[in-house]
Amino acid sequence: MKDKIKTSGTYFLLILLVVVVDLPIINMLGVSLKSAAEIMTNNSLFSKRPTLENYIGVFEKSNILLYFKNSFVTAAAVTILTAIVAALAGYAISRYRKKYKMLDRYSNVLLVMQMFPTILMLIPLFVIFKTIGLSNSKWSIILLYMTFSLPFCTWMMSGFFDGIPIELDEAGRVDGCSVFQTFRKLILPVSGPGLASVSIFTFIYCWNEYMLASVFLKSEQLKTLPVGIQIFTQQFSKEWGLLMAASVITVIPVTLFLIFMQKYLVAGMTAGAVKG
């Protein structure tokens, strides 16, 4: 009986903590479902008569679908490319840092690179990209997002591969696999948690990034969701229902991505425990 009471109390405290932490998001969702008149008169979290007029208004009064598509294409491309490069680079650093001391120093440089604020490199990068004709193009922010994501992602993957026994590589060599075949057939299948973590970090960074996108993307057809939402906020700064609806639309993809990747993260951890 005491165990049941203790367990129930623990779950109650956890649920209460989740509600408190997520209260701003809950309030944002509640306001987005209220009419303009009810927002001014109803102080409760949720509407007595929920309506989708704010969501309809967002789609009618802005190019949010275009911004959404641009953000998704950019984030997906950067996430895939970064995961591939970070996995290859992290594996090389993990397995060859003892043989090549330069790789060991390079892994430390990766962390130092994270200390430099992006804004310090903004003007030189803009001049470089304008000179080579890549300003105001999707490739500009794809390359920039990869550049700023790769150091941390490579360091993260390197640390993850350090936890995979070297005997797994040696077993692959005994079976006649090349270095790349060993990496692809033996190491990658147990690298789910590392790849999932890198993907989550990169996708969220790309989805939320505003400064680089606002500087390098000037065309309306190329603007991403954070830039589009900022423009929408300036136009409808006093219409709280529309602002909250736009915010909910922005949050949904990231939430779904986290839920989707969490499954693979848990599966990868289980696979690593069995095969490691």
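# Salt bridges, helices and cysteines

Visitor: Which residue forms a salt bridge with Lys223?
Guide: The model is predicted: local features need pLDDT of at least 70 and side-chain atom pairs count only at pLDDT 80 or more, while totals for chains, interfaces and linings use all residues. Residues are numbered from 1 along each chain as its sequence is written, and side-chain values use heavy atoms, with hydrogens and water left out. A salt bridge requires a side-chain nitrogen of Lys or Arg within 4 Å of a carboxyl oxygen of Asp or Glu. For Lys223, the closest N and O atoms are 3.6 Å apart, and the partner is Glu220.

Visitor: Is Lys223 buried or exposed?
Guide: Buried means under 20% relative accessible area, exposed over 50%, and partly exposed in between (1.4 Å probe, protein chains only). Glu220, at 30%, is partly exposed. Lys223 has a relative accessibility of 15%, and therefore counts as buried.

Visitor: How many residues apart in sequence are the parts tied together by Glu239 and Lys61?
Guide: Glu239 and Lys61 form a salt bridge, with closest N and O atoms 3.9 Å apart. Glu239 lies in the loop between α13 (225-235) and α14 (240-275) and Lys61 in helix α4 (residues 53-61), so the pair joins parts whose separation is 178 residues. Helices are DSSP runs (H or I, at least four residues), numbered from the N terminus.

Visitor: Which residue meets Asp169 in a salt bridge?
Guide: The N to O distance of this pair is 3.1 Å, and the partner of Asp169 is Arg95. The pair links distant parts of the chain, 74 residues apart, with Asp169 in helix α9 (residues 166-174) and Arg95 in helix α5 (residues 64-96). Asp169 is buried at 5% relative accessibility.

Visitor: Where in α8 does a kink lie?
Guide: Helix α8 (residues 138-162) has 25 residues and reaches 35 Å between its end C-alpha atoms, close to the expected 36 Å; the expected span is 1.5 Å times one less than the number of residues. The bend at a residue is the angle between axes fitted to the seven residues ending there and the seven starting there. The kink is about 40°, falls shortly before Pro151, and lies at Leu150.

Visitor: What is the phi of Asn136?
Guide: Asn136 lies in the loop between α7 and α8 and is partly exposed, with a relative accessible area of 33%. Although Asn136 is not a glycine, its phi is positive, at about 55°.

Visitor: How many disulfides does a search of the whole structure find?
Guide: A disulfide is a pair of cysteine sulfur atoms within 2.5 Å. Cys206 is among the buried residues of α11, at 6% relative accessibility. The closest cysteine sulfur to that of Cys206 is in Cys153, 9.0 Å away, which is too far for a bond. Across the whole structure, the number of disulfides is zero.

Visitor: What accessible area does the nonpolar patch containing Met121 have?
Guide: Patches take residues with over 30% relative accessible area and no salt bridge, joining like charges within 9 Å and nonpolar side chains (Val, Leu, Ile, Met, Phe, Trp, Tyr) within 5 Å. Areas follow the Shrake-Rupley method with a 1.4 Å probe; for residues, only the protein chains shown count as cover. Met121 sits in the loop between α6 (101-113) and α7 (122-131) and is partly exposed at 31%. Together with Val112, Met115, Phe116, Ile119 and Leu120, Met121 forms a surface patch of about 630 Å².

Definitions and conventions:
Helix = DSSP H or I, 4+ residues; strand = E, 2+ residues; numbered from the N terminus.
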